[in-house]
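Here is a short report on selected local features. Please keep the sequence and the model in view while reading.

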Amino acid sequence: MESVFIKEKNGIRNFFRMLWRAKLPYAGIVLYVAVSFGLTKVGISTTEYTAKMFAGYVDFTTIVMPFLAVTVVSLVVGEISQVINGICKATIDRNMRRTVWEKTVRLPYGYYSSDNPKELISRITTDSQQVSSLVMQVFVGGITGAYSVIMTLKKIGSYDNKLMLALLVVLPINVGIAIIVGKMQFGIGDIVNRKRAALTEQIAESAENMLLIKSVGTQMEEYEKGFGRAKVLYNKTVLNSWITSISAPAYTVSGMIQFMMIVLVGRSFYSQGAISLAEWVAYFAFANTISNYLSGYCGDWQTFKSVQGATNRISKLLLEEEEDCESGEVFVGLEGDIKFTKVSFDYDELEIFKDLSFEIPQGKITAIIGPSGSGKTTILNLLERFYVVKSGDITIGKTNISILKLKDYRKALGYVTQETTMFTGTLRENLQRDGKYSEGEMLEACEAVGLSHLVKEDPKGLDMFISEGGMNLSGGQRQRIAIAAILLKKPKYILLDEATSAVDILGKDRIFNKLKANLKGSTIVMVAHDRQSIEKADNIIVLQDGKISGTGSLSELKKSNSFVKELMEDTE
Ligand code: ADP
Ligand code: MG
């Protein structure tokens, strides 16, 4: 049992907690177990009637008719149980996916930036499915299988107790061989799967970074990496073929040994007169049934082991702390200056800010400038509450932002992130991400950011197609769209992270003029590098290595701050 849950702390508890959260279809499972139990009884009757016919009893009303009846019943009940099983599995899959997906959307942003978000895809598509195999095949199948074995053994015991014991002694031989061969097969199968995944991973990463690869000219290195993994996969696949070819005869031989054992035991009981001819035939059929069940258990054990990775990954994911968007103080609107007071913040071990304090005046444009990696984006992420501060306070007016209902708070902000991405769809959909606007309003916003040319040129206008991540647009166009969305939303507090870095000089001028004109009274916090943007700011904060090295107007800082001095000289 332990190995399924590796050696993780509380593994078993977390596993059952995961099942509990996903809400198993308990009623369906109970029904399935009940129907399977019934099926076992019908199956035993069918075998007994068959055996009687083998022994020469062919009376129509007492043997043949009941035989036909139980056969039909067992067929029908068998199909019903399969359907119930299928529905239970599908329900578990659906519930697991819902649970994992819900968790995924509730995770804080920090989770995505530290873990590989693409990994989450397989959590939902494949890993979730493993859980239903585990529950229906291993747990529930284990129970119904055990019931069949016990009932069948009991039946044999009713013929002769010693016969049952003799059977119990010889059965493990075949099972032992099946375990050894199965283990080998499972092991190599698992290796092949992992090598295939490694190949996919390599190809996916190379394909994604093709632009970079081509620009540095390392295509052939990438080819070698990809082909290297294909070669490893080839070797393991060949090995798998060998092992499979050995295992088939091994199974046959062990099956023959099993057959001989069963026959020898039954035959000796029959010739001594301990059991009748019909019982001897029935015993033979029952013994094979039990042997099949036991070999089946070995397969279940392998399923049990192969899903351990998947279930561990899911139960770990479900333990991650969620972002609480719903609780907190009801929102009555934000008003006032933004104030950081002795804010400390770390990314895991990496200290970014220690006792950082500064103010951003309301209704003005404040630029945060500083070298790369100094923490500018982090300030905006803290304002957006993507991360929680270690200590200190961030307030807007008199309100500490941490007590506000997150859902409403974020709605009140407008954030254009450093890497602007788009949803696949239309320009219209991307503009209306957080609100419904009229055609006229949207066209006006496009005009304001200098996009009217693009919209007019496309025959579909606002319904122009936007490909995955906005890849069919230029970086500047993506940034303009993101700002157009802000102009439509008109938030009181606007965070722009190098939001016009890819826009040309004239475009920048136009955008800032429009922002100022259309969003009077809004507080704009912008991270910027270029002179044009910085010149637009009323107020500048210089951030160097997580510390403030100066605040004030551009003209003041040009004199007092060496970073600003250098920056303005360089670009002059
Ligand atoms: P800037 O925007 O000023 O260029 P950032 O605020 O993005 O800088 O980053 C500040 C520092 O924090 C950098 O050293 C960066 O490597 C680190 N950092 C940023 N994001 C993360 C993250 N998600 N996890 C760990 N470290 C991060
Ligand atoms: Mg940044």
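Where is the place of Asp545? Asp545 sits in the loop between strand S11 (539-544) and strand S12 (547-552).

## Basis of the model

This is a predicted model, in which local features need pLDDT of at least 70, side-chain atom pairs count only at pLDDT 80 or more, and totals for chains, interfaces and linings use all residues. Residues are numbered from 1 along each chain as its sequence is written, chains are lettered from A and ligands numbered from 1 in the order in which they are written, and side-chain values use heavy atoms, with hydrogens and water left out.

## Positive phi

Asp545 is not a glycine, yet its phi is positive, about 50 degrees. Lys342 also has a positive phi, near 45 degrees. Lys342 lies in strand S1 (residues 338-347). Strands (E, at least two residues) and helices (H or I, at least four) are DSSP runs, numbered from the N terminus.

## Helix H1 against helix H10

The axes of H1 (residues 11-22) and H10 (residues 308-319) come within 9 Å and cross at roughly 75 degrees. Axes are lines fitted to C-alpha atoms, for helices over the stretch in contact, and angles run from 0 to 180 degrees between N-to-C directions. H1 and H10 are therefore roughly perpendicular (65 to 115 degrees).

From H1, Asn14, Phe15, Arg17, Met18 and Arg21 meet Thr311, Ile314, Ser315, Leu318 and Leu319 of H10. Contact means heavy atoms within 4.5 Å. The contact residues divide into five nonpolar, three polar and two charged. Ala, Val, Leu, Ile, Met, Phe, Trp, Tyr, Cys and Pro count as nonpolar, Asp, Glu, Lys and Arg as charged, and the others, Gly among them, as polar.

## Salt bridges

The count comes to 20 salt bridges (a side-chain nitrogen of Lys or Arg within 4 Å of a carboxyl oxygen of Asp or Glu). One of them joins Glu102 and Arg106, with the closest N and O atoms 3.3 Å apart. Both residues lie in helix H3, four residues apart, about one turn of the helix.

Note on methods: Parallel < 35°, antiparallel > 145°, perpendicular 65-115°, else oblique.
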